[in-house]
Amino acid sequence: MDQVYAKFGLEAGTKDFIGHAMALYLDDAYLHKPAREAVERILLYVNSMARYGKSPYIYPLYGLGELPQGFARLSAIFGGTYMLDKPVDEIVYENGVAVGVRSGEEVAKAKIVIGDPSYFPGKVRRVGKVIRAICLLQHPIPNTDNVDSVQLIIPQNQVARRHGSPSRPNNHTNLSLKIANPLDFRHLYCKSIFRTQRLRQGPLSCHRLDNRRNRQSPNRNQTRP
């Protein structure tokens, strides 16, 4: 991708904006990879602009709780079953392959088991941590034209570091929190990031939902994370 930027003579600030604000890459490793994925991300952003309001991002009207509601409705349409208020006591394996989920005395069988990595101890490995902050404030973010929703992206090379240290979350969030000051409430915490140990694990899929909002797909009338 770096060669594409060089061909068009883009300066460093423009590359930072495209790579991190439009393509939403977390670091600069994408610069040394083939450009196809980055171009597709950029096209997704451009095609999403002004499709619903002034932002390329869409958000459920009544909050994130509408996402599982939407999945439940689609599940019903296609013959699926939602089991509400059911704790997951065990992932059921047969011959080392995940085949279902046990809740109490009931077992729901499935061809594919999809879940948060925390349900699969021994099948995943921790690859890093992410620092997150929950803040409450009673004013718009300065210099954002008083919009009620805003996304702040600070590229890593503009703060002269590649990775932060989860043991010192305050040191690595000072700049972003300073932009949002004054704060009425602030809560910082670290969350582990897991990945499956092998690319192929039978019909088992571990997915981690991050904090990116959905954007409209340019090719189909669907959203994707």
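You're looking at a predicted model, where local features need pLDDT of at least 70 and side-chain atom pairs count only at pLDDT 80 or more, while totals for chains, interfaces and linings use all residues. Residues are numbered from 1 along each chain as its sequence is written, and side-chain values use heavy atoms, with hydrogens and water left out.

Now switch to a cartoon. The protein chain has 5 helices and 10 strands; these are DSSP runs (helices H or I, at least four residues; strands E, at least two), numbered from the N terminus. Of the 225 residues, 26% count as buried, meaning under 20% relative accessible area, with exposed over 50% and partly exposed in between (1.4 Å probe, protein chains only).

**Stop one: the core**

Select Met1, Tyr5, Tyr30 and Ile42. They have the most contacts inside the largest nonpolar core, which has 14 residues. A nonpolar core here is a set of buried Ala, Val, Leu, Ile, Met, Phe, Trp, Tyr and Cys residues joined through side-chain atoms within 4.5 Å. Helices H2 (12–22) and H3 are the elements that give two or more residues to this core, and H3 gives the most, with 3.

**Stop two: along helix H3**

Pick Arg36 and Glu40. They form a salt bridge, with their closest N and O atoms 3.3 Å apart. The term means a side-chain nitrogen of Lys or Arg within 4 Å of a carboxyl oxygen of Asp or Glu, and by this rule the count comes to 6. Arg36 and Glu40 sit 4 residues apart in H3 (residues 36–48), so about one helical turn separates them. An α-helix has 3.6 residues a turn, so residues three or four places apart point the same way. Arg36 is exposed at 64% relative accessible area, whereas Glu40 is partly exposed at 40%.

**Stop three: the strands**

Move on to E3 and E4, which pair in the antiparallel sense over 4 bridges; two strands pair if DSSP finds at least two bridges between them. Find Gly100, which stands opposite Lys109 in E4. In the hairpin of E3 and E4, with 2 residues between the strands, Gly104 takes a positive phi near 65°.

Next, show the side chains of Arg102 and Glu90, which meet in a salt bridge (2.8 Å, N to O). Arg102 lies in E3 (residues 97–103) and Glu90 in E2, so this pair ties together parts 12 residues apart in sequence. Arg102 is partly exposed at 27%, and Glu90 is partly exposed at 38%.

**Last stop: Lys86 and Glu106**

The side chains of Lys86 and Glu106 also meet in a salt bridge (2.5 Å, N to O). Lys86 is in the loop between helix H4 (66–77) and strand E2 (90–94), and Glu106 is in E4 (residues 106–109), so the pair ties together parts 20 residues apart in sequence. While you're here, click Gly79: this residue follows H4 and has a positive phi, near 85°.
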